[in-house]
Amino acid sequence: GLAWRVLGISWHGLGPLFGTLFAVTIVALYAIFRLGMSPPLAVLGVVALSVSRLHLTYLPILRDYAKGPITLVLIFLLGLLVVRRPAWRGVLAIAAAYGVVLGIGYGFRTDFLVNIPAFFLTLLLFLEGGVFRNVGLKAAGGVVCIAAFLVTGWPIISSVVRSGGCQWHTALLGFSSDFSRQLGLEEPSYEFNRRYSDNFTYVTVTSYAARVRPGVGHIEDCQ
């Protein structure tokens, strides 16, 4: 919205936005590589990604590509949390940064809620010293992260609380059997959801509601 407000409503006006997202993706990936690689190897890694056909295929798809740079920044912060020695200032600063970035990401897509457990699992299990050390620090880090997330994401969170969100739709998509074979999962004799498709899920739910609970009325499509 801001890009179009400044540059006019056109695909051409989104050029700087795509460029910014691409740049953040490359910088974030370099930072991740540097957690365990020398600078030359990290540079080779980001150069390979920059010209990756798969990466460039998704670049023009703004809705999905926008998740990439934010996700990579969150991964970097988790890595930083693991490689640094636990100290109050460092852990709380990383926790606050994680919460802020997560809140911004939630404004883009509901998908970012999956990154909440990742932070707490990393904080609990992978800090130097083991699970049962620095308990107070870990608890404080969790509180700071959630507080930062709530403050940053409050415009979206308050809207979801007031008018509902799309979590039900995403949960039902997750029960589809499309990926069972690729994941090596044994397929049961029945299917809870046949297709990983926004439209299929929406039509199935709304048609069922119309038959069984006609008083519910119109259910908004929240793809």
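**Figure 1. The whole chain at a glance.** Residues 24 or more positions apart account for 59% of the protein's contacts with a separation of 6 or more, where a contact means heavy atoms within 4.5 Å. This is a predicted model, so local features need pLDDT of at least 70, side-chain atom pairs count only at pLDDT 80 or more, and totals for chains, interfaces and linings use all residues. Residues are numbered from 1 along each chain as its sequence is written, and side-chain values use heavy atoms, with hydrogens and water left out. The protein has eleven helices and zero strands; helices (H or I, at least four residues) and strands (E, at least two) are DSSP runs, numbered from the N terminus. Its C-alpha trace spans about 60 × 50 × 40 Å along the principal axes. Of the 223 residues, 30% are buried. Here buried means under 20% relative accessible area, exposed means over 50%, and partly exposed is in between (1.4 Å probe, protein chains only).

**Figure 2. Helix H7 beside helix H8.** How do the axes of H7 and H8 cross? The axes of H7 (residues 88-108) and H8 (residues 115-125) come within 11 Å and cross at roughly 170°; axes are lines fitted to C-alpha atoms, for helices over the stretch in contact, and angles run from 0 to 180 degrees between N-to-C directions. On the H7 side, look for Val91, Ala95, Tyr98 and Leu102, and on the H8 side for Asn115, Ile116, Ala118, Phe119 and Leu123. Sorted by class, the contact of H7 with H8 has eight nonpolar, one polar and no charged residues. For that sorting, Ala, Val, Leu, Ile, Met, Phe, Trp, Tyr, Cys and Pro count as nonpolar, Asp, Glu, Lys and Arg as charged, and the others, Gly among them, as polar.

**Figure 3. Helix H7 from end to end.** With 21 residues at 1.5 Å a residue, H7 should span 30 Å, and its end C-alpha atoms are 31 Å apart, which agrees. (The expected span is 1.5 Å times one less than the number of residues.) Among the buried residues of H7 are Gly90, Ile94, Gly99, Val101 and Tyr106. The buried residues of H7 pack against helix H6 (67-83), H8, helix H9 (135-163) and H10.

**Figure 4. Asn193 in its loop.** Asn193 sits in the loop between helix H10 (167-174) and helix H11 (198-212). Is Asn193 buried or exposed? With a relative accessible area of 8%, Asn193 is buried. Its side chain reaches the backbone oxygen of Leu172 at 2.9 Å. Leaving aside residues up to four places away in sequence, Asn193 touches Leu172, Leu173, Phe175, Ser176, Ser177, Phe200 and Thr201.

Figure 5. Leu137 belongs to helix H9 and, at 3% relative accessibility, counts as buried. Not counting residues up to four places away in sequence, Leu137 touches Pro86, Ala87, Trp88 and Val91. Asn134 is placed in the loop between H8 and H9 and counts as partly exposed at 31% relative accessibility. Its phi is near 55°, a positive value in a residue other than glycine. Most residues other than glycine have a negative phi.

Note on methods: A polar contact is a pair of N or O atoms within 3.5 Å; within protein, one must be able to donate a hydrogen and the other to accept it, and residues adjacent in sequence count only if both atoms are side-chain atoms.
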